[in-house]
Each structure stands twice: as C-alpha cells, then as structure tokens.
Amino acid sequence: MLRFKRTQEKGVDFLRSITELFDDWAGTYDEEIDDIGGPLTGYRHSIKKAYKNYPEAAGNVLDIGIGTGNFIAEYIKDAKNVYGVDISPKMLEEAKKKFPSIKVETGDFNNIPFESDYFDLITSSFSFHEVSLSKREDALKEVSRLLKQGGTLNLLDIGFNNKSDMDDAKEKYREEWDDSEQYPFEYELRQYAEDAGLTVDKIDYPSALHINLIARKR
Ligand SMILES: C[S@@+](CC[C@H](N)C(=O)[O-])C[C@H]1O[C@@H](n2cnc3c(N)ncnc32)[C@H](O)[C@@H]1O
C-alpha cells in the first residue's frame, strides 16, 4: 500500500511538501518500512547488499537523505566521523536517537552544508529519486564537490536498467506503485556521475527493483 502520495499541486513548494511528508512519517518509519511493499520491497536485503558491494569506511563519512540511519548504520563502527544530512528535521531526530554519535545537519541534496573535498565516503539510500529530475545532475555535482579525490559514492535507490524492466516491476506491484515518483535508470546515473567527475566502478542490482552505483571521484 502507498504510504503517502506526493503533492503535485500547482503552487505548492516541492521541497516543502517532501519535508512535510517525511516529517510526518519519521516516528513510524522503522516500524513500517519492512512491510511497505511496492518499490521498497526487499529494502533491508538491498541495504545489506549495497554495503557488501563497498564495505570500506575510514575517515569522514556522510549519508545524504539519511532518514533514520539504516544504511549508515552499517558503516558506523569503522568510520572516524559520521555525518548525516536530510531535508526532514524529524528524520534527523530519529537518526540521532538511534545513533547519538552521528553529527546531523538539515540540508538538501543540492545544497549540503559541508566544506569541499572533505569526505572519504558518501552514502545514500532510497533518497536520490526524491530529487526532482531537473536537479539530479547538479545533486551528483554536489556529491563530487564534497568528496576528496579518490573518495567513493555508494548510492542505492529504487532504479532500473531500462524502461522494460521498470514496466515489469510496475505491473507486478501495480496496486502499490506511486506514479508521482520518477525512478532513475542506469544510463542516467552513469551520465550524471561521469559529468560530475566521478568514475563508475560498479553498477549492481540488489533486486529487480533496486540499483546500486559505486563511483569514485577522479
Ligand atoms: C525513503 S527515505 C530513505 C531514508 C534512508 N536513507 C533509508 O534508506 O531508510 C528518503 C529520505 O530522503 C530524504 N530526502 C528527500 N528529499 C531530499 C533532498 N532533496 N535532500 C535531502 N534529503 C532528502 C527524506 O527526508 C527521507 O529521509
């Protein structure tokens, strides 16, 4: 079942509507996420798989769209400093309750309040598709700005190799599909990454619904 429908009404500020949506969900997110179904089916499995695809965390690590911290949780024991950014202050409160050592800041994928060339690793799970299409290229440029040379991006999201794969998934999860969302395709992620100065090391599909991009700053 769909948890929320995105607000697409004319005149409603997009980022504000996303913030409200996740602020409302924050308190029950962890209880609900495993049963939400639809394109988030297999959420935990894909997080584990994305971690296995790049299990190295040293130095400064940032998760963008951290939510309640379920992806960064995998890296906390090995990182020196762990930071989290999210557009939703309530999500950040939940992350902080679970992982008090994380330093959190509200911020948008396109405007992240940290200095350049600071992070060894940037992670992000199931958040990139929340960025509007016209801002996705710039969002990866922002990631590139923040990474040290040779630093890594581990990005997990709902995403597909091609339209036919997406249509198959949409058919399978028809009742639970959210047509207001636009999930990225592999060729788009590759293009954004390359244009942002990131070299793609690996693309993996932890499930038929999810894509995992590992890329390194040149
Ligand atoms: C589906 S949740 C995923 C949360 C967490 N990463 C996880 O895997 O459970 C999407 C998260 O992205 C955040 N978000 C949405 N749009 C964002 C943006 N433009 N910049 C930063 N965070 C954003 C939401 O507030 C929410 O916490």
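This is a predicted model: local features need pLDDT of at least 70, side-chain atom pairs count only at pLDDT 80 or more; totals for chains, interfaces and linings use all residues.
User: What is the phi of Asp-117?
Analyst: Most residues other than glycine have a negative phi. Asp-117 is not a glycine, yet its phi is positive, at about 55 degrees.

User: Is Phe-126 buried or exposed?
Analyst: Phe-126 is placed in the loop between β4 and α5, and its phi is positive, about 55 degrees, although it is not a glycine. A residue is buried if 20 or more other C-beta atoms lie within 10 Å of its own. Phe-126 has 22 other C-beta atoms within 10 Å, so Phe-126 is buried.

User: How many helices and how many strands are there in the protein?
Analyst: From the N terminus on, the elements run α-α-α-β-β-α-β-β-α-β-α-α-β-β. The total for the protein is seven helices and seven strands.

User: What is the radius of gyration of the protein, and why does it agree with a compact globule?
Analyst: The C-alpha atoms fill a box of roughly 45 × 35 × 35 Å along the principal axes. A compact globule of 218 residues would have a radius of gyration near 17 Å, and the protein agrees with this because its own value is 16 Å.

User: Among contacts between residues at least 6 apart in sequence, what percentage join residues at least 24 apart?
Analyst: Two residues are in contact if their C-beta atoms lie within 7 Å. Among contacts between residues at least 6 apart in sequence, the share that joins residues at least 24 apart is 66%.

User: Why do the buried residues of α4 line one face of the helix?
Analyst: Helix α4 spans residues 89–98, and its buried residues are Met-91, Leu-92, Glu-94 and Ala-95. Seen down the axis of α4, these residues line one face because they fall within an arc of 160 degrees.

User: Which elements are included in what covers the buried residues of α4?
Analyst: Both helices and strands take part in this cover. The cover includes α1 (14–25), α2 (29–32), β2 (81–86) and β3 (103–106).

User: Against which elements do the buried residues of α7 pack?
Analyst: The buried residues of α7 are Leu-189, Tyr-192 and Ala-193. They cover an arc of only 95 degrees around the axis, so they are on the same side of α7. The elements against which they pack are α5, β6 and β7.

User: What separates the C-alpha atoms of Ala-73 and Lys-98?
Analyst: Ala-73 lies in the loop between β1 and β2 and counts as partly exposed, with 18 C-beta neighbours inside 10 Å. Ala-73 and Lys-98 are 25 residues apart along the chain, and their C-alpha atoms are separated by 9.2 Å.

User: What separates the C-alpha atoms of Lys-52 and Glu-74?
Analyst: The place of Lys-52 is in helix α3 (residues 43–53). Lys-52 counts as exposed, with 12 C-beta neighbours inside 10 Å. Along the chain Lys-52 and Glu-74 are 22 residues apart, and their C-alpha atoms are separated by 9.5 Å.

User: How far apart are the end C-alpha atoms of residues 61–151?
Analyst: An unreviewed UniProt entry places the feature "domain: Methyltransferase" at residues 61–151. Over these residues the chain is 23% helix and 29% strand, and the distance between the end C-alpha atoms is 10 Å.

User: Which residues are the closest to the ligand?
Analyst: The shell around the ligand divides into ten nonpolar, six polar and three charged residues. In total 19 residues surround the ligand, and the closest are Phe-22, Gly-65, Gly-67, Ser-127 and Glu-130.

Methods: Residues are numbered from 1 along each chain as its sequence is written. Helices (H or I, at least four residues) and strands (E, at least two) are DSSP runs, numbered from the N terminus. The arc is that of the directions from the helix axis to the C-beta atoms. UniProt positions are given in the numbering used here, feature names are shortened, and annotations may be inferred rather than shown by experiment. A residue is near a molecule or strand if its C-beta atom, placed from the backbone, lies within 6 Å of it. Ala, Val, Leu, Ile, Met, Phe, Trp, Tyr, Cys and Pro count as nonpolar, Asp, Glu, Lys and Arg as charged, and the others, Gly among them, as polar. The radius of gyration is taken over C-alpha atoms; the globule rule is 2.2 Å times the number of residues to the power 0.38.
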